[in-house]
Amino acid sequence: MARALELARRGLYSTHPNPRVGCVIARDGEVVGEGWHVRAGEPHAEVHALRQAGERARGATAYVTLEPCSHFGRTPPCAEALVSAGVTRVVAAMQDPNPQVAGRGLERLRSVGIAVASGVLEDEARELNCGFVKRMETGLPYVRVKLAMSLDGRTAMASGESQWITGAAARAAVQRLRAQSSVVLTGADTVLMDQARLTVRGNELGLDTEQTALALGRPPLRVLVDGRCRVPLDAPFFQAGAALVATASFPGLDYLAAGHQCLSVSGEGGQVDLPALLRELAARGANEVLVEAGPRLAGAFAQQDLVDEYQIFVAGKFLGSSARPLLDLPLERMSEARELRIVDIRAVGEDWRIIAKPRSAV
């Protein structure tokens with residue numbers, strides 16, 4: 001199963017909106033077939049593994065990181081492929097949270113006498129597909145907020161100057177975060193101040209040729225939260241390709257004429273309704289949303305308890321007391337403090353990356 005998860009990770013940048021799945025077929029103590037799901041609409045991991053195994057799949061055990069599907073979608077059901085191949089045992093890391101499957105695939109296998117087990121390395125499998133699992137279970141995507149700060153917790157000078165707080169290795173890590181996300185979301189302030197494009201730049205990913213090609217072949221949807229439509233169409237963000245503008249007012253037809261999508265999601269105080277926006281993105285198949293925004297929009301996600309994970313890059317420098325804070329999160333008493341569970345800290349070049357999750361989301 002560990003090998004199957006390793007194979008599944010090869011689809012980190014390309015399977016959206018599908019989950020990342022790997023499969024290993026073993027017989028008489030020998031691996032006879034391996035496969036992983038590459039992209040939506042193409043064969044699933046089990047099919048690749050069965051093709052490699054050929055006749056040796058008969059009487060074998062299939063280890064798969066997600067319950068084999070039992071329904072016809074863009075591809076035939078994998079449970080039927082396993083039955084036809086004559087495997088005698090299937091071990092799944094976890095049950096599929098998709099209501100269209102949800103145990104039916106395993107039950108189909110049992111119904112023809114195939115031995116079935118599940119729950120092997122389940123935590124690792126759920127983590128690999130945290131966005132798909134959350135979307136299926138709650139109708140919302142998994143939200144990561146990426147932040148970069150100095151040691152004194154500042155993100156930009158008072159003037160707004162912020163390039164670059166962190167070094168090249170940290171910026172490459174952010175490129176990989178973008179590439180694995182279904183959506184990269186930012187705000188008008190960031191786009192106007194930094195002339196941000198929020199694209200995936202292949203030369204900065206630090207991946208091998210195959211993974212770079214997969215990442216660039218499925219770029220994330222770029223979403224601009226711009227309640228009052230302040231960003232002009234000649235901004236670099238719009239010139240970098242088609243995007244979706246989420247606004248609190250009726251968007252101008254100019255966006256549509258220029259090839260962009262528009263979504264009106266008005267909330268209180270003339271602000272964009274962020275929960276409604278996330279629900280709409282999930283309905284469009286978004287598993288993971290990466291928020292790269294300034295302190296105001298990032299703080300709004302935090303205040304509304306919409307964040308599943310923070311990825312905070314820390315540079316070894318001070319920006320001073322007049323520089324801008326990490327989040328716009330007005331708290332007055334210690335009892336209001338937002339508690340985080342730090343799940344990983346490691347060096348990234350000359351900087352550090354902290355991955356933390358709100359305890360309310362754990």
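Phe 250 is exposed, with a relative accessible area of 70% (exposed means over 50%, buried under 20% and partly exposed in between, with a 1.4 Å probe and protein chains only). This residue sits in the loop between strand S10 (244-247) and helix H11 (253-257), where helices (H or I, at least four residues) and strands (E, at least two) are DSSP runs numbered from the N terminus. Together with Leu 253 and Leu 256, Phe 250 makes a nonpolar surface patch of about 380 Å².

The model is predicted: local features need pLDDT of at least 70, side-chain atom pairs count only at pLDDT 80 or more, and totals for chains, interfaces and linings use all residues. Residues are numbered from 1 along each chain as its sequence is written, and side-chain values use heavy atoms, leaving out hydrogens and water. The average pLDDT (the predictor's confidence in each residue, from 0 to 100) is 91, and 96% of the residues score at least 70. Confidence is lowest in strand S7 (residues 154-156), with a mean of 79, and highest in strand S12 (residues 288-291), at 98.

The backbone holds a few points worth a look. The peptide bond from His 16 to Pro 17 is cis, with omega near 0 degrees; Pro 17 belongs to the loop between helix H1 (2-8) and strand S1 (22-27). Gln 195, although not a glycine, has a positive phi of about 55 degrees, and is placed in the loop between helix H8 (188-194) and helix H9 (209-217). Leu 198, in the loop between H8 and H9, has a positive phi of about 60 degrees. Gln 195 is partly exposed at 41% relative accessible area, whereas Leu 198 is buried at 5%.

Notes
Patch = residues over 30% accessible without salt bridge, like charges linked within 9 Å, V, L, I, M, F, W, Y side chains within 5 Å. Areas by Shrake-Rupley, 256 points an atom, 1.4 Å probe, with all protein chains shown as cover. Salt bridge = Lys/Arg side-chain N within 4 Å of Asp/Glu carboxyl O.
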